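The following briefing is meant to be read beside the model.

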Amino acid sequence: MILKHARILVVDDEPDVLFALRLLLKTEVREVVTERNPELLLSLLRQQPFDAVLLDMNYRSGQATGNEGFYWLGRIREQAPSTAVILLTAYGDVRTAVRALKGGATDFLLKPWHNEQLLQTLAAALQPKTGSKSGGGPKKPAGPATALLGESAAMQEVRAIIEKVAPTEANVLLLGENGTGKELVAKALHEQSRRAARPFVAADVAALSEGLFESELFGHTKGAFTDAQASRVGRFEAATGGTLFLDEIGNIGLAQQAKLLTALQNRQVVPVGSNTPVPVDIRLLSATNAPLHALVARGAFRQDLMYRLNTVEITLPPLRERDDDVQLLARHFAQVYATRNRQPVPEFSAAALRKLREHPWPGNVRELQHAMERAVILGTSPVLLPADFSFRNPESGAAPAPVAPMAVNPLPLLEVEKNTIQQAIARHQGNLTKAARELGLTRTALYRRLDKHDI
Ligand SMILES: Nc1ncnc2c1ncn2[C@@H]1O[C@H](COP(=O)(O)OP(=O)(O)OP(=O)(O)O)[C@@H](O)[C@H]1O
């Protein structure tokens, strides 16, 4: 496609950028649509096809991780796989660029841009896929990579370790409670590795009986046992050149541990029923929610195997220890499920946000994800309220948490509002943008209330 026939969507939260790009593009392309709010991106793509999206990567001042950009990139890839996406960022570095391209971006431009270069990049992005895009390197079909979200210090550290470790061949052991994102991290490690173009093979080893363990992982020959009507390649071989992810590794017995250790030491597997070893070339990632070090101390897990697995160890913190991420993830899942169900994206009342923050999340991000799906589907107003979230009492594991009784001497409403605002501001060390977000208010609405309460 040539540029002058193209329909281009530009999404950036800076009005000046939108203005400049509209001015530049309106004489060069057939149609240019600009939008400040990335949340409207998907509905714009539904309304009309665009040939390319110029997408900003950071939407909140001071945030330079580009995670929002990666998130929207993934969503565009899912919804409009043939639309070219060019990412715009002021904070580019090589790793971000690589991550963007692996996530399916067509190209990457640094702000401030040169007009000539931007037009050339756009024109190149509109060429058919088999065309002249720079060659070299193995190509991987752009999958809708789920971004690992979270701005808490703990998650930023996890992402920094991933970036450092992913390109190496180190075996990585992922520790953390259920639903903290271990599998997501394993996929990120694979996607950012040199093995990204080869398979990512996952196996839940705890689910394998002792008998199945060997044949699933190492394969079997035809007739090796009663049900073996044909020979079958095991997970190790299937992952050749790529990554093998062994989940729930802490739950396997000592006999399986010995078999696994032998395979890892010898870098080869012997399929059940065969005498011929098959060499394997895998990078091993494993995960467990069991206290593996304590299991080693008790003699229930082999120390030598653990040392094979944990060249690098990454511990995913429970969600209750990363308060800052609860709101961000809740908004993310609200967006995902509202879009999936073709519903408007709900807002959150301040009280609902408080309830989400105060819940201990025993099921971590997975529990939050399900809570948001339920709330979006069953919610009756455009603003989610505390009643839209009913958590099971973690103690009993069954009954929904009782509704808090009314305070006997309720504070006057204005007092409550003032206290709530003051607390939110204190929690965010005076950062009004963050306080406003937690309270479910726009910054302007928060300023009005500061004025009203003389804060
Ligand atoms: N930081 C995150 N950002 C976005 N989504 C996340 C994040 N962490 C977890 N999720 C989502 O939460 C769900 C559970 O994550 P995942 O399966 O990776 O957890 P896990 O620790 O491997 O769980 P388990 O121990 O139960 O296997 C997935 O749908 C995943 O996409």
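The largest nonpolar core has 55 residues, and I8, A52, I86 and L368 are those with the most contacts inside it; such a core is a set of buried Ala, Val, Leu, Ile, Met, Phe, Trp, Tyr and Cys residues joined through C-beta atoms within 7 Å. Helix α13 (residues 323-340) gives the largest share of this core, seven residues, and at least three residues come from each of domain 1 (3-125) and domain 3 (331-395), with domain bounds taken from an automatic or database domain assignment. This is a predicted model, in which local features need pLDDT of at least 70 and side-chain atom pairs count only at pLDDT 80 or more, while totals for chains, interfaces and linings use all residues. Residues are numbered from 1 along each chain as its sequence is written.

**The sheet**

- Five strands form an open sheet with parallel pairing, in the order β2-β1-β3-β4-β5; strands (E, at least two residues) and helices (H or I, at least four) are DSSP runs numbered from the N terminus, and two strands pair if DSSP finds at least two bridges between them.
- At the edges stand β2 (31-35) and β5 (107-110), each with a single partner strand, so one side of each has no neighbour in the sheet.
- Strand β3 (residues 52-56) pairs in the parallel sense with strand β4 (residues 84-89) over five bridges, with A52 opposite A84 and L54 opposite I86.
- On the β5 side, four bridges join β4 to β5 in a parallel run, and I86 stands opposite D107.

**Burial of β4**

- Six of the six residues of β4 are buried, so this strand is largely enclosed by the rest of the structure; buried means that 20 or more other C-beta atoms lie within 10 Å of a residue's own, with C-beta atoms placed from the backbone.
- A84, I86 and L88 cover one face of β4 as buried residues, and V85, L87 and T89 are buried on the other.

**The ligand shell**

- Of the 18 residues around the ligand, N178, G181, K182, E183 and V365 come nearest, where a residue is near a molecule if its C-beta atom, placed from the backbone, lies within 6 Å of it.
- Helices α7 (182-191) and α15 (364-378) each supply at least two residues of this shell.
- Domain 2 (153-315) and domain 3 (331-395) both give residues to the shell, so the ligand lies between them.

**Helix α17**

- In helix α17 (residues 432-439), the buried residues are A435, A436, R437, E438 and L439.
- G440 follows α17 and has a positive phi, near 75 degrees.

Definitions and conventions. A residue is buried if 20 or more other C-beta atoms lie within 10 Å of its own, exposed if 12 or fewer, and partly exposed in between; C-beta atoms are placed from the backbone.
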